[in-house]
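Q: I have a model open on my screen and would like to learn how to read it. Could you walk me through a few features?

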Amino acid sequence: VSSSQTTLSLDLASESRQIKGFTSTRWTITDLSPGDGGPWVLRLQLFLTERAAYRFNLESGTPRLFVRAGESGTTPCPSAVTASQDVAAAWLDGEQQVLEVAMPLAIQAWIEAYLARHGEAPDEGRKKKRKGAGRAREQTA
């Protein structure tokens, strides 16, 4: 296993709730731990292109992991996990259900080490401003 991926085990539980006369089932991740000992085993892979999203997640008050769990409205079948809210949002846009769970401290430390090793993502906003400033200077010179 390379330093940009790790294996996680998780378990799910359902909870039925009555909402305005309808029964709604809500699924939650009840156990998340390193290794492959759980009923569901997923590989968390880190990507250089998602570094800004990892940093954003780590700096939020409650860092989360996001688990893609099959089509919305079906019994969850976890198939992928990410620490990027951008990736999770894309899954939701694709009609996938996404379960969230608090990110364990060990995973937070592992992502911090990844970011330290590979550097923070370049700030796209700053890069654009620099390009604009350069063009403006060329025109006035």
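Q: Let's start with K20: is K20 buried or exposed?

A: The general idea is to look at relative accessible area, where under 20% is buried, over 50% is exposed and anything in between is partly exposed (1.4 Å probe, protein chains only). K20 has a relative accessible area of 81%, so K20 is exposed. Bear in mind that this is a predicted model, in which local features need pLDDT of at least 70, side-chain atom pairs count only at pLDDT 80 or more, and totals for chains, interfaces and linings use all residues. Residues are numbered from 1 along each chain as its sequence is written, and side-chain values use heavy atoms, leaving out hydrogens and water.

Q: Where is K20 placed, and which residues have a positive phi?

A: Helices (H or I, at least four residues) and strands (E, at least two) are DSSP runs, numbered from the N terminus. K20 sits in the loop between β1 (5-19) and β2. Although K20 is not a glycine, its phi is positive, about 50 degrees. E95 is not a glycine either, and has a positive phi of about 65 degrees. E95 belongs to the loop between α2 (85-93) and β6 (96-102), and counts as exposed because its relative accessibility is 56%.

Q: What does S24 touch?

A: Contact means heavy atoms within 4.5 Å. Leaving aside residues up to four places away in sequence, S24 touches E15, S16, R17 and I19. S24 lies in strand β2 (residues 22-34) and is partly exposed, because its relative accessibility is 26%.

Q: How do the axes of α1 and α3 cross?

A: Axes are lines fitted to C-alpha atoms, for helices over the stretch in contact, and angles run from 0 to 180 degrees between N-to-C directions. Under 35 degrees counts as roughly parallel, over 145 as roughly antiparallel, 65 to 115 as roughly perpendicular, and the rest as oblique. The axes of α1 (residues 51-59) and α3 (residues 105-118) come within 11 Å and cross at roughly 140 degrees, so α1 and α3 are oblique to each other. The contact is made by R51, Y54, R55 and L58 of α1 with Q108, I111, E112, Y114, L115 and H118 of α3.

Q: And what is the pattern of the protein along the sequence?

A: The protein has four helices and six strands, in the order β-β-β-α-β-β-α-β-α-α. Of its 141 residues, 33% are buried.
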